[in-house]
Amino acid sequence: MSTMSDWIAAVCADLELDLSDQAATTTAVLDLTADVAHCVARPAAPVTAFLLGLAAGRGMDPGTAPDAEVARLAQQLSQRAKGWESARPR
């Protein structure tokens, strides 16, 4: 395991989160933050990841792994980020 995988596993244990696919969830969040950093603004990336986590947690049924909700929301937000310049409020 890599340092990042070890870290994520430890944080999930501390927060009592059960990811059914840690690698896929990590990739979804990293892809989202890359899109936000490149298409919107670098400081918006970690804040967006935080907001994604809040929204995913809010939308989940108790006892359900968060992977599917994170993937769905990350895809939605990535699309918004990629179109941000052309649709940006001025």
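Select Asp-35 in helix α2. Helices here are DSSP runs of H or I with at least four residues, numbered from the N terminus. Leaving aside neighbours within four places in sequence, Asp-35 is in contact with Val-40, Ser-78, Ala-81 and Lys-82. Contact means heavy atoms within 4.5 Å.

This is a predicted model, in which local features need pLDDT of at least 70 and side-chain atom pairs count only at pLDDT 80 or more, while totals for chains, interfaces and linings use all residues. Residues are numbered from 1 along each chain as its sequence is written, and side-chain values use heavy atoms, with hydrogens and water left out.

**Stop 1: the salt bridges**

Asp-35 and Lys-82 form a salt bridge, with the closest N and O atoms 3.9 Å apart. A salt bridge is a side-chain nitrogen of Lys or Arg within 4 Å of a carboxyl oxygen of Asp or Glu. Asp-35 lies in helix α2 and Lys-82 in helix α4, so the pair ties together parts 47 residues apart in sequence.

Is Asp-35 buried or exposed? Asp-35 is buried, because its relative accessible area is 17%. Buried means under 20% relative accessible area, exposed means over 50%, and partly exposed lies in between (1.4 Å probe, protein chains only).

How many salt bridges does the structure hold? It holds 2. For another, select Glu-69 and Arg-72. Their side chains meet in a salt bridge at 2.9 Å, N to O. Glu-69 and Arg-72 are 3 residues apart in helix α4, so about one helical turn separates them. Glu-69 counts as buried at 19% relative accessibility. Arg-72 is partly exposed, with a relative accessible area of 47%.

**Stop 2: Thr-48**

Now select Thr-48 in helix α3. Thr-48 counts as buried at 17% relative accessibility. Show its side chain. A polar atom there lies 2.6 Å from the backbone oxygen of Ala-44. A polar contact is a pair of N or O atoms within 3.5 Å; within protein, one must be able to donate a hydrogen and the other to accept it, and residues adjacent in sequence count only if both atoms are side-chain atoms.

Which residues touch Thr-48, leaving aside neighbours within four places in sequence? They are Leu-32, Val-36 and Leu-77.

**Stop 3**

Move to Val-36. Not counting residues up to four places away in sequence, Val-36 touches Ala-41, Ala-44, Ala-45, Thr-48 and Ala-81.

Val-36 is one of 11 residues in the largest nonpolar core. Select the others too: Ala-28, Leu-32, Ala-45, Leu-52, Ala-55, Ala-56, Val-70, Leu-73, Ala-74 and Ala-81. The elements giving two or more residues to this core are α2 (22–39), α3 (44–59) and α4 (67–82). A nonpolar core is a set of buried Ala, Val, Leu, Ile, Met, Phe, Trp, Tyr and Cys residues joined through side-chain atoms within 4.5 Å.

**Stop 4**

Select Leu-15, in the loop between α1 (3–14) and α2. Leu-15 counts as exposed at 55% relative accessibility.

Click Glu-16. Just after α1, Glu-16 takes a positive phi of about 55°.

**Stop 5: the cysteines**

Finish with Cys-12 and Cys-39. Cys-12 is buried, with a relative accessible area of 11%. Cys-39 is partly exposed, at 25%. The structure holds 0 disulfides. A disulfide is a pair of cysteine sulfur atoms within 2.5 Å.
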